[in-house]
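Reader: I would like to learn how to read a protein model feature by feature. Please take me through one, giving the general idea and then the case at hand.

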Amino acid sequence: MDTLKFSLPSGRPVEIQEFTAEAERILDDKQAMKSGKWLNKFMAKSLVSLDDKPVPKNEGEVVNLLLDMLSGDRNYLLVQIRMMNYGPDMVFNYECPKCGKTSGYSLNLQEMLDDGTLKVYPYRDDMPLIVETRGGIAEIDYPTGRTEQWLIGLRELDRIHLAMAMCKNFNGHAPEYKEFSGMFAKDISEIRKAGNNLRGGLDTTIELECLECESSYNVLLQRIPDFFTPLMTTGNIGL
């Protein structure tokens, strides 16, 4: 079984291995897909070592390591896992948000990494950032897999949740919805602004041009299913 060693944008060394057919069965786990938990299990099937240490045998412990990983590192890891198992070519259709027409695209992820189309930003070392609000002190930090999992698990997502996701602490404790909903809109805006200005690790945002109206718009590749795997599951081919 082939393995690949490389460094994450944060500098952490990591090693991944090829998937087996058995490992791919996570793509057919409807419950895991619905909850969003499939993604961490998907990555766990590939991870061999992290920080030059073999990952634990227990899948739950490996998932915890992945949940603690910075989101920008997770994006980079996903691209490498995807290319190792399914190749760098990404073929997909996308509906233009301006004219509503669908265009087909073919991208090469490795080429985009090499030429900087997929950007890798260095992490700041002065974290967390401090934002003073009239309700207290907000500590803004890079999101992790746990932040992602929390957002996926919400039944409804609003501006308050997005601001909370950017906070590591608020007045020394975990941010609470009731507390944030009572804050002034200007303070919430300042928290979101600080969080949105953070850049670290792989950013999967690229600019696409509509082949119909020639308008340009930004697309987050990680939200497109083919970014993870070009394979169709038994669930979506009607078997």
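Reader: Which residues of strand β13 lie on its covered face, and which on the uncovered one?

Author: This is a predicted model. In a regular strand, side chains alternate between the two faces of the sheet. In strand β13, residues 216-220, the covered face holds Tyr217 and Val219. Ser216, Asn218 and Leu220 are on the uncovered face.

Reader: Which strand is joined to β13, and by how many bridges?

Author: Strands of a sheet pair through backbone hydrogen bonds, either parallel or antiparallel. Here strand β12 (residues 205-209) runs antiparallel to β13, and 5 bridges join them. Take Glu207 as an example: its bridge partner in β13 is Asn218. Asn218 also belongs to the uncovered face.

Reader: Where are the edges of the open sheet that has 4 strands?

Author: The order in that sheet is β1-β2-β3-β4, with antiparallel pairing. Its edge strands are β1 (3-7) and β4 (53-54), each of which pairs on one side only. At the β4 end, 2 bridges connect β4 to strand β3, residues 47-50.

Reader: What does Leu221 touch, leaving out residues up to four places away in sequence?

Author: Its contacts include Met90, Phe92, Leu107, Leu109, Met112 and Leu118. Thr204, Ile206 and Phe227 are also touched by Leu221.

Reader: Why can the whole chain be called as compact as a globular protein of its length?

Author: The chain has 9 helices and 13 strands. Its radius of gyration is 19 Å, close to the 18 Å that the globule rule gives for 239 residues, so the chain is as compact as a globular protein of that length. The C-alpha trace spans about 55 × 50 × 40 Å along its principal axes.

Reader: What percentage of the residues count as buried, and how much area is exposed?

Author: Of the 239 residues, 42% count as buried. The chain exposes about 13600 Å², of which carbon and sulfur atoms supply 48%.

Conventions: Residues numbered from 1 in each chain as written. Predicted model: local features only at pLDDT ≥ 70, side-chain atom pairs only at ≥ 80, totals over all residues. Heavy atoms only, no water. Contact = heavy atoms within 4.5 Å. Pairing = 2+ DSSP bridges. Rg over C-alpha atoms; globule rule 2.2 N^0.38 Å. Buried < 20%, exposed > 50% of the residue type's maximum accessible area, 1.4 Å probe, protein only. Areas by Shrake-Rupley, 256 points an atom, 1.4 Å probe, with all protein chains shown as cover.
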